Amino acid sequence: MHNPMVTNNDMLWAVWPVIYREMELRRENRSVLLDHMQDVMHRYNGEWAVPYPGSDAGPDLPPLGPAIVTDAIDHTGMMAGSVSPNIFCPSMNPGEKKADMNARKRKQSLDYVWYMSGGKLLWRKWYRQLAGYSTFAMNLVCDWEHEVPRIQVLDPLGVYPEEVTNGTMTPPKSAGIVHVLHKDAVLRMFPFASSQMRDSYGRKGVIDPEGPQMWELVEWVDEQQRVWGILGPRDTPIYRAHREIGRETHMPLHWSPNPLGMCTVLMPERVSLDKTVSQVAHILSMTDLQSRLMALDILSSERSIFPDRVIVGSSTNPPTLVGGRWHDGIDGEPNIILNAEQVFTLGNSPDPNVKIGMDRLERNAKTSAGLLPQMMGETPGGGLRTGRANEAIFSSAAEPRIQEYHEIGEFWATKMNERVIEAYNVYWPSKKYVVFTGNRGHSEIARFSPKTHLDSRWNATQYSVPGASSSRLTVELSQMLAIEAISMDDFRMAHPHIPDAETTKKKVDQEALERSLRRFIEVGIENQTLSIEDQIVLGEQLEKGESLLASVKEMQRASQERQAALLAEQQEQMEGVQMGALPGANPMGADQVPGLQGLPVENANLPEAPSTFEPNANQRGLFNLIGATQKGMR
């Protein structure tokens with residue numbers, strides 16, 4: 001959990017009193033906000049009960065109203081987290097091959113960290129925290145086993161950054177992270193924390209074998225150092241611990257430098273007017289009152305089913321029930337009452353105004369929490385009958401809220417990426433990484449070395465259209481492409497389901513070429529321009545698992561070899577015809593034949609040389625042309 005670098009005990013004991021006092025102040029200052037956050041957490045988890053409304057003792061009832069708080073957090077978080085942002089890294093010298101390659105390697109290194117950290121689930125968790133708490137917490141840690149940075153989610157209830165003005169967009173310079181661990185886990189990590197042992201300074205630990213089980217540890221991170229220490233037992237305020245228990249319950253555990261030079265904890269906040277308070281916290285009183293009214297309404301309905309019976313007796317003698325037990329009508333037994341003048345039941349019908357009040361509270365709570373009817377699968381009003389109309393209204397109402405969430409995530413994820421790149425360069429500058437980035441559209445294995453390729457921290461985390469879902473984004477981009485407002489490259493870069501536009505473009509071009517080749521083969525077979533031999537070669541290559549392009553290339557090569565062999569054979573045959581069968585040709589050795597010396601060839605009456613093949617029309621035309629040329633030369 002901590003940096004394995006050797007701790008500096010002198011520095012540890014020097015800075016610990018300052019850190020301990022600072023954590024006291026920060027916990028006190030954030031106590032009101034933490035109370036609101038804890039109230040939201042309890043409602044979200046269902047850890048809340050309705051007190052029994054009757055005057056007599058009875059069991060507490062579970063929350064009987066709709067889970068508006070849970071729905072408001074989950075639906076908003078799921079909508080905002082349904083689209084993942086893209087990471088863009090600029091080239092430090094556009095057009096230069098090395099600079100462009102470094103920009104791509106920088107993006108791959110960041111994609112790998114987000115993929116290994118579970119990026120999609122991280123965003124869903126952060127947006128739920130933003131909806132419920134109006135803030136979320138992220139932290140950069142180092143995986144020393146695999147030598148890679150990792151991004152993690154922190155519980156905002158246990159993170160105490162430095163106090164800054166609301167709306168300040170600068171990362172904190174320091175933060176304290178409170179971890180709650182069992183004492184056995186603490187002693188495994190830091191054995192000298194036991195009261196039966198002493199550290200190198202001779203100071204005894206604070207954890208007793210028979211003492212509290214759960215202890216609070218602080219992980220302090222600032223721009224110069226990282227410090228671990230024990231704050232005290234769980235559920236004991238650290239500023240009163242030493243007075244209640246009678247001795248010190250805090251101690252430092254570990255100190256190491258922070259070579260990054262920046263705090264690794266980021267804690268963004270929702271954009272608000274003044275104080276950062278969750279919008280869900282404002283509806284807790286409504287949902288609590290609604291649950292109480294529903295509990296009262298249910299008890300009233302139950303009493304209306306089984307009403308109270310009243311027996312009125314005479315003024316002189318009290319009424320007496322014969323047998324001592326009242327028989328229900330289904331038993332068929334009569335109830336005999338002595339000295340009774342009248343028996344009747346009390347009307348306990350529920351007040352209809354209670355249901356109206358519950359509906360009004362539910363509507364007000366959903367409106368304040370930003371819950372739209374479409375989120376719950378409902379159709380608002382009776383005039384909207386088409387899905388397109390509902391989608392338009394839903395988008396116009398939901399997208400501004402989600403857009404703000406996306407823009408908050410964009411800004412702070414960019415800051416976190418800067419810390420990731422710095423961690424690469426500080427801790428493992430010369431390591432040669434061979435990793436998988438996790439992008440579906442990227443078929444290559446990323447290879448990079450921080451010292452060589454991570455030449456800058458510049459990056460941008462961007463949503464294509466902040467606030468838009470993936471389905472709506474596809475429609476908008478398609479419309480822009482149709483009117484030529486963007487190019488196909490812009491479309492691929494903007495769409496969230498295309499993580500690597502460059503690789504996708506190569507695949508699309510390759511598939512277009514394969515479709516063209518298939519059409520060429522089909523037409524060739526239909527027109528019989530592809531011979532049986534060509535088709536056999538093509539089929540054999542495909543059966544071997546070769547690509548279509550490689551198979552066609554091999555088919556062309558084999559076809560050219562056959563044509564070359566046929567042409568050579570025809571050339572040999574043509575040479576034989578030219579020397580023995582064409583008019584005007586002198587047969588070899590004719591001057592040695594008796595009686596033929598000095599006679600013209602056409603009067604020799606020599607037998608024609610037998611033909612070894614039947615020439616086609618083109619060949620016959622060629623032969624006639626050769627013969628006519630020879631006659632003209634004479």
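Guide: Ala 340 is found in strand 13 (residues 340-345); strands (E, at least two residues) are DSSP runs, numbered from the N terminus, as are helices (H or I, at least four). This is a predicted model, where local features need pLDDT of at least 70, side-chain atom pairs count only at pLDDT 80 or more, and totals for chains, interfaces and linings use all residues. Residues are numbered from 1 along each chain as its sequence is written, and side-chain values use heavy atoms, leaving out hydrogens and water.

Visitor: Why does Ala 340 count as partly exposed?

Guide: Buried means under 20% relative accessible area, exposed over 50%, and partly exposed in between (1.4 Å probe, protein chains only). Ala 340 has 30% relative accessibility, so it counts as partly exposed.

Visitor: Which residues does Ala 340 touch, not counting residues up to four places away in sequence?

Guide: Contact means heavy atoms within 4.5 Å. Ala 340 touches Ile 311, Val 312, Gly 313 and Pro 319. Ala 340 and Val 312 are 28 residues apart in sequence, but 5.9 Å apart in space, C-alpha to C-alpha.

Visitor: How do I read a sheet?

Guide: Strands of a sheet pair through backbone hydrogen bonds, either parallel or antiparallel. Two strands pair if DSSP finds at least two bridges between them. Here, an open sheet of five strands has the order 4-5-6-7-8, with antiparallel pairing. Strand 4 (159-161) and strand 8 (251-257) are the edge strands, each pairing on one side only.

Visitor: How many bridges join strand 6 to strand 7?

Guide: Seven bridges join strand 6 (residues 214-222) to strand 7 (residues 225-233). Trp 220 has Val 227, in strand 7, as its bridge partner.
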